[in-house]
Amino acid sequence: MRLDSKIPAGPLEEKWTRYKGTVNLVSPANKRKLDVIVVGTGLAGASAAASLAELGYNVKAFCFQDSPRRAHSIAAQGGINAAKNYQNDGDSVYRLFYDTIKGGDYRSREANVYRLAEVSANIIDQCVAQGVPFARDYGGLLDNRSFGGTQVSRTFYAKGQTGQQLLLGAYSALSRQIAKGTVQMFARHEMLDVVVVDGKARGIIARNLVTGEIERHGAHAVLLATGGYGNVFFLSTNAMGSNGSAAWKAHKRGALFANPCFTQIHPTCIPQSGEYQSKLTLMSESLRNDGRIWVPKDRKDAELLREGKLKPIDIPEEKRDYYLERRYPAFGNLVPRDVASRAAKERCDEGYGVNPTGKAVFLDFESAIMRYGQVEANLQGIKNPSKEKIRELGEKIIEAKYGNLFQMYEKITDINPYKSPMMIYPAVHYTMGGIWVDYELMTTIPGLYALGEANFSDHGANRLGASALMQGLADGYFVIPYTIGNYLAGEIKTGKIDTNTPEFESAEKEVRDRIAHFLGNNGKTSVDTFHRELGKIMWDKCGMSRNAQGLQEAIREIQALREEFWKDVKVPGRSDMYNPELDKAGRVADFLELGELMCLDALDRNESCGGHFREEYQTEDGEALRNDAEYAYVAAWEYTGKPSEAILHKEQLVFENVELKARSYK
Amino acid sequence: MNLTLKIWRQAGPDDKGRMVTYQVKNVNPDMSFLEMLDVLNEDLIAKGEDPVAFDHDCREGICGMCSLYINGEAHGPGRGITTCQLHMRSFKDGDTIIIEPWRAKAFPVIKDLVTDRSAFDRIIQAGGYISVNTSGNTIDANAIPIPKENADKAFDAATCIGCGACVATCKNSSAMLFVSAKVSQLALLPQGRVEAKERVLKMVHQMDLEGFGNCTNTGACEVECPKGISLENIARMNREYLAAVIS
């Protein structure tokens with residue numbers, strides 16, 4: 001198989017314009033004859049479904065939640081990047097492009113990333129026109145803040161609920177099309193397979209999660225906007241229902257899976273508190289604008305903290321180690337996520353962890369509270385304010401900026417973060433890897449597209465904060481509406497897709513057989529037990545740091561666990577009813593295969609880059625050691641019947657505009 | 001902690017439904033309420049019984065999917081939280097906890113604690129949007145300055161998560177808080193003013209069609225709203241509605 005990324009010719013900054021100017025179009029009359037299926041209604045899916053319906057295509061949209069408004073994009077907190085340069089601080093399309101390439105540790109495609117930076121400004125215009133209430137300053141103009149891996153303020157936000165506001169914007173655009181009848185919405189439906197006819201994606205098999213009915217849906221193109229697969233780790237910041245099944249089903253039908261091992265471990269999450277825990281909660285990266293990360297300088301102090309014999313406030317300034325500021329003076333607390341996560345793990349592994357499990361560091365707002373309080377006192381003309389007054393004023397400012405996050409923290413931990421520093425630890429958050437797509441977002445199956453987190457294309461080996469929202473909306477609003485026409489222009493004579501064909505028949509039968517197996521299995525062990533076990537293997541051996549021996553062990557352990565799963569899983573209930581255990585069983589079955597491919601990919605990549613840290617490949621001071629001569633490629637895996645026998649295809653990354661350098665934030 | 005749970009079990013929309021009593025043991029106070037139910041369900045599955053169906057997804061208080069009526073309160077005791085943010089430390093060893101679904105004519109039960117809230121989607125579809133197509137050529141985002149106060153108020157209204165606690169709490173099963181939050185958000189922004197009149201009329205009309213009750217200003221919805229959506233929004237919607245009807 002030859003991988004053709006279809007990157008248009010010409011200079012970087014003209015590629016997208018040239019592409020748009022010359023790409024095939026579909027006339028309005030013909031659009032009415034073409035059907036498009038969109039699976040997933042997060043930022044990418046909802047924006048794509050709405051935009052394609054506006055253009056005149058007939059759209060069917062699917063989501064497993066009870067409403068398209070609930071997709072997990074809603075939980076994104078901190079913000080969305082855009083190269084607006086409203087702050088006059090030196091931002092530009094090129095700089096956003098460069099930061100993203102560098103942040104991704106030079107493992108993403110130049111042309112895709114440049115296009116992303118190029119359309120970023122349009123996203124903000126579009127969202128404001130839709131009524132998204134971004135934060136504004138007193139002059140009525142839009143406010144910005146900074147995120148990791150950048151030295152400008154280009155992040156637009158709506159308190160700590162930016163994802164919610166953007167998703168509700170896309171959802172309202174989608175709702176408008178549903179009302180018009182141009183989008184048919186299928187909520188509480190899960191895609192269980194993609195149907196390929198004569199080499200082209202022609203539809204899906206879906207299950208109505210309320211009635212259990214298995215349905216066939218035909219279309220001229222299928223878009224997967226189904227998010228990432230972080231829940232392979234069981235514990236992650238993803239929603240409980242987030243899963244990798246749609247992507248995995250597409251992979252098994254012939255779509256290559258790219259860079260599966262590139263996982264983002266987010267540095268600032270609430271630490272795990274017990275075995276019963278079902279998920280982890282993120283504390284937005286925006287907190288690192290004002291929060292300073294530290295552990296004690298002295299191991300003894302850390303021990304006393306763990307035993308509860310010392311409070312953080314008892315440790316004087318000179319006995320604190322602000323390790324990010326110490327190691328990375330140029331970026332300080334705002335280094336990219338992979339760097340911050342590894343640094344936290346390093347300190348905790350060395351015995352400086354500050355909570356009872358030894359797996360937490362402090363995120364402290366004390367100095368920000370006092371700094372803001374002083375400024376506010378000046379503004380209010382308060383002469384010689386007391387420390388208490390300054391603190392009171394400062395806490396108000398912090399509350400206005402991060403109030404909902406502080407509240408969320410307190411609800412979960414029962415600790416007031418205004419008075420005592422937050423305790424945080426890294427957790428699985430995002431997957432940069434995903435289905436391989438070309439410049440047009442088409443997978444290796446013609447007519448099958450992947451958008452948003454489901455694809456691999458823009459973030460390389462590490463995604464920068466506030467860039468997931470940008471990519472999801474870029475793909476859905478501004479990329480797919482152009483690129484899909486290039487394919488559908490060839491489909492205008494096809495006519496309605498017939499779902500009474502042997503291909504639909506056999507795909508449906510496979511789905512039914514699998515469900516029947518689960519329900520008739522008579523096993524003894526619950527789905528969650530297997531999922532938790534898989535998560536533990538993945539976290540220990542394919543998590544924040546990996547090595548060849550561990551990965552080989554993990555592969556064997558996953559294979560054994562998978563065998564056990566099929567023999568012994570216990571799924572109650574029937575197929576013709578609302579049955580969440582059955583839904584979970586299907587997802588975990590797929591994770592048990594995907595997890596193995598992730599380990600295989602991590603084993604193949606004999607270098608450290610971004611979120612992929614192989615212990616064998618590091619510099620003397622513990623930084624990631626990349627190997628551009630041998631590994632500047634996208635690893636795209638082809639399914640051949642078993643994850644262990646997947647065939648590796650390499651898409652060589654060509655850098656014509658940026659120079660490959662060791663990534664430094666020092 | 002050891003607890004007694006009394007949970008509403010209903011096999012489907014046509015089943016009559018009943019309360020069933022369960023015991024849960026060794027509950028950790030740091031568990032979330034839903035994690036406690038996970039433990040119960042693991043136990044039921046092991047015993048070969050039907051696990052309790054309940055809606056949930058993000059488990060961090062933002063998706064709006066979780067929806068339990070706990071000891072007579074939407075999302076249980078505690079203010080400003082959803083059920084998934086409720087922790088067992090809010091209860092005492094030996095407590096009896098009563099767990100019911102949202103009860104409202106417009107939210108029919110699907111199974112056990114799971115209800116159908118698609119009425120909310122249809123209200124938004126009736127007009128809860130600004131009619132702007134995707135376009136790379138809208139005006140620059142900073143072309144119209146918006147007073148910070150209005151932008152902040154619009155944001156506050158926009159934080160509604162569509163969980164339905166307001167309806168479940170209201171003795172009339174009114175959806176006024178939900179509808180007024182969207183009407184307010186868009187009415188407060190210059191971009192939304194263009195269609196303000198038509199929007200409020202259509203959304204209120206759809207609300208009535210769905211079978212939600214009327215508002216009698218008891219204010220219970222505001223108290224139980226996990227996002228603290230203010231009653232002011234209802235007042236604003238009433239003004240908008242009146243202005244739309246008489247003009």
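Which residues have the most contacts inside the largest nonpolar core? They are A:A49, A:L223, A:L224, A:I435 and A:Y449, in a core of 290 residues. The model is predicted.

**Nonpolar core**
- Helix α17 (residues 580–604) of chain A gives the largest share of the core, 13 residues.
- A:L223, one of the residues with the most contacts inside the core, touches A:V36, A:I37, A:V38, A:V39, A:A48, A:Y449, A:L451 and A:I480, leaving aside residues up to four places away in sequence.

**Helices α11 and α12 of chain A**
- Helix α11 (residues 366–379) packs against helix α12 (residues 387–413) at an angle of about 105°, and their axes are 7 Å apart.
- Because angles of 65 to 115 degrees count as roughly perpendicular, α11(A) is roughly perpendicular to α12(A).
- On the α11(A) side, the contact includes A:A368, A:I369, A:M370 and A:Y372.
- On the α12(A) side, the residues include A:K389, A:I390, A:R391 and A:L393.
- By class, the residues of this contact are 9 nonpolar, 3 polar and 4 charged.

**Contact between chains A and B**
- Chain A supplies 67 residues to the contact, and chain B supplies 63 residues.
- In chain B, the elements that each supply at least two residues to the side touching chain A are α1 (33–46), β6 (109–111), α2 (118–127), α3 (148–158), α5 (176–187) and α6 (190–193).
- That side of chain B has 28 nonpolar, 20 polar and 15 charged residues.

Conventions:
Residues numbered from 1 in each chain as written. Chains lettered and ligands numbered in written order. Predicted model: local features only at pLDDT ≥ 70, side-chain atom pairs only at ≥ 80, totals over all residues. Axes fitted to C-alpha atoms, helices over the stretch in contact; angles between N-to-C directions. Helix = DSSP H or I, 4+ residues; strand = E, 2+ residues; numbered from the N terminus. Parallel < 35°, antiparallel > 145°, perpendicular 65-115°, else oblique. Contact = placed C-beta atoms within 7 Å. Nonpolar A, V, L, I, M, F, W, Y, C, P; charged D, E, K, R; others polar. Core = buried A, V, L, I, M, F, W, Y, C linked by C-beta atoms within 7 Å. Buried ≥ 20, exposed ≤ 12 C-beta atoms within 10 Å, placed from the backbone.
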